[in-house]
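Thanks, everyone. Please have the model open while I talk.

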Amino acid sequence: MLYSIDPAQRLRDTLAHVARVHADGKLILITGDLADTGDPAAYRLLHDILSKVRLPVYLTLGNHDDRSAFRTVFGGEGFVQATVDLDDWRIILLDTKDDVSHFGCLDGGRFEWLEEQLSSAEGRPVVLAMHHTPGNLHVPCFRMGDMKQTDRFFSILRRDASVRHMLFGHRHVAAAGSLSGISFTASRGTAQHIVLDWEQYGKPIFVAAAPSYDVVMLEGTDVVVHRHEELEALPVIRPGDPK
């Protein structure tokens, strides 16, 4: 339990909704946090939940995660990141967890790895997914920056010019826009959410809004993102035509 809600059940409900509504999906990206305190038991529970999912699932870490505990359960070694070539697109999943702070970072060879994945894309447009937001969302309670060395990060992206869109988590709010000229979508996630209170400069207010997830459509060089903010059917105020 987390702040009196059951995040595991909320994730199960979300994945069941994905399976029911988007059975034709190609993959699922989960950008962390995967666990609130990096507890190995949480990763075992997550592994059990994801073992029942039909679609391929790709994971990376957030600031609350523990890389060693994650690797103990999910296997592998090093940073939790991946590159997936999907039709004419390349999906790059970046591990932005910093072991010494809640800021995001890409040291330890991650900048170089990102450059390699972009340079080998061979003309494919790229979607970049990661936990931290490399810029200011202009919400008063987010006083601290999200990532270290953002200038270096964006210089790499601008140099290659293949990144069409970025996907983030971390801030527990739904947001969209552009950073350094590159469009982004931030998902508020499936567990607790943060209230957009423009007078709250201290610790943010958490609420248990309905789980949400984003559906990313890729066609040509176009990116369209739809958001499911309610998993249950809402009251119908005008019926549509038969399906």
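First, the ground rules. This is a predicted model, where local features need pLDDT of at least 70, side-chain atom pairs count only at pLDDT 80 or more, and totals for chains, interfaces and linings use all residues. Residues are numbered from 1 along each chain as its sequence is written, and side-chain values use heavy atoms, with hydrogens and water left out.

Start with helix 2, residues 40-50. Helices are DSSP runs of H or I with at least four residues, strands are E runs of at least two, and both are numbered from the N terminus. Which residues of helix 2 are buried? Tyr43, Leu46, Ile49 and Leu50. Buried means under 20% relative accessible area, exposed over 50%, partly exposed in between, with a 1.4 Å probe and protein chains only. The four cover an arc of only 120° around the axis, so they sit on the same side of helix 2. That arc is taken from the directions from the helix axis to the C-beta atoms. The buried residues pack against helix 1 (7-21), strand 1 (28-30), strand 2 (57-59) and helix 3 (67-74). At the N-terminal end, Asp39 caps helix 2. Its side-chain oxygen lies 2.9 Å from the backbone nitrogen of Ala41.

Asp33 is in the loop between strand 1 and helix 2.

Next, the second largest pocket. Its lining draws at least two residues each from helix 1 and helix 2. Helix 1 gives the largest share, five residues.

Now Ser187. It lies in the loop between strand 8 (182-186) and strand 9 (193-194). Buried or exposed? Ser187 is buried, at 18% relative accessible area. Its side chain reaches the backbone nitrogen of Gly189 at 3.3 Å. Beyond four places in sequence, Ser187 is in contact (heavy atoms within 4.5 Å) with residues including Phe168, Tyr213, Asp214 and Arg227.

Last, two positive phi values. Asp87 is not a glycine, yet its phi is about 55°. It is found in the loop between strand 3 (82-86) and strand 4 (89-93). Asp87 is exposed, with 59% relative accessible area. Ser180 also has a positive phi, near 55°. It lies in the loop between strand 7 (175-179) and strand 8. At 39% relative accessibility, Ser180 counts as partly exposed.

That is my tour. Over to you.

Technical notes. Polar contact = N/O pair within 3.5 Å; in protein donor to acceptor, adjacent residues only side chain to side chain.
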